[in-house]
Amino acid sequence: MPSGNVIRGTRVGSGPERPPERYAPAPRQAVTYWCRNDHGFDILIAAEAEAPPLWDCPRCGQPGGRDRGNPPGRARVEPYKTHLAYVKERRTPEEAEALLAEALAALRRRRGRA
Ligand SMILES: [Zn+2]
């Protein structure tokens, strides 16, 4: 339990409204982005840094760009595919048969030993 000194850490004459010079935040710039859903949002970045061209919208997750009239398109243009669909893209049916036969053979060897 705390000792009851709830104002511990504060000092007379110090306060967040006038931070000492050495704690002053680095200069920053606000950069406005727009997503395709017309959500505008400001991102604060270091003044000397170059603003990235894209920033994900905090409201809908779509990428935002700096040109309101020409927001970037969806990041995921690929339609949803099942895991099996991806496997079928990578393997021909013949390769799949060979892999299956190999796996079954290995399984039978293991069982035969047990
Ligand atoms: Zn958005």
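This is a short tour of the model, one selection at a time.

Before you start, note that this is a predicted model in which local features need pLDDT of at least 70 and side-chain atom pairs count only at pLDDT 80 or more, while totals for chains, interfaces and linings use all residues. Residues are numbered from 1 along each chain as its sequence is written, and side-chain values use heavy atoms, with hydrogens and water left out.

**The whole chain.** Show the protein chain as a cartoon and you will find two helices and four strands, arranged β-β-β-β-α-α from the N terminus. Here helices (H or I, at least four residues) and strands (E, at least two) are DSSP runs, numbered from the N terminus. Of the 114 residues, 13% are buried; buried is under 20% relative accessible area, exposed over 50%, and partly exposed in between, with a 1.4 Å probe and protein chains only.

**The sheet.** Next, colour the strands. They form an open antiparallel sheet in the order β2-β1-β4-β3, where two strands pair if DSSP finds at least two bridges between them. At the edges sit β2 (40-46) and β3 (55-56), each pairing on one side only. Zoom in on β3 and β4 (residues 63-65), antiparallel strands joined by two bridges; aspartate 56 stands opposite proline 63.

**The core.** Now select Val31, Tyr33, Cys35, Phe41, Ile43, Ile45, Ala51 and Cys57, the eight residues of the largest nonpolar core. Such a core is a set of buried Ala, Val, Leu, Ile, Met, Phe, Trp, Tyr and Cys residues joined through side-chain atoms within 4.5 Å. β1 (28-35) and β2 are the elements that give two or more residues to this core.

**The zinc site.** Which residues hold the zinc ion? Show the side chains of Cys35 (SG), His39 (ND1), Cys57 (SG) and Cys60 (SG), which coordinate the zinc ion at 2.0 to 2.3 Å. Donors are N, O and S atoms within 2.8 Å of the metal (3.2 Å for Na, K and Ca); water is not among the atoms, so sites may look incomplete. The angles between the four donor atoms run from 104 to 118°, so the arrangement is tetrahedral (all angles between 85 and 135 degrees for four donors). Histidine 39, in the loop between β1 and β2, and cysteine 57, in the loop between β3 and β4, are 18 residues apart and link distant parts of the chain. Histidine 39 counts as buried because its relative accessibility is 14%, and cysteine 57 counts as buried at 4%.

**A last stop.** Finally, click on aspartate 38, in the loop between β1 and β2. Its phi is near 65°, a positive value in a residue other than glycine. Aspartate 38 counts as partly exposed, at 42% relative accessibility.

Key. Four donors count as tetrahedral if all angles lie between 85 and 135 degrees; four count as square planar and six as octahedral if opposite donors are over 155 degrees apart and all others between 65 and 115; anything else is irregular.
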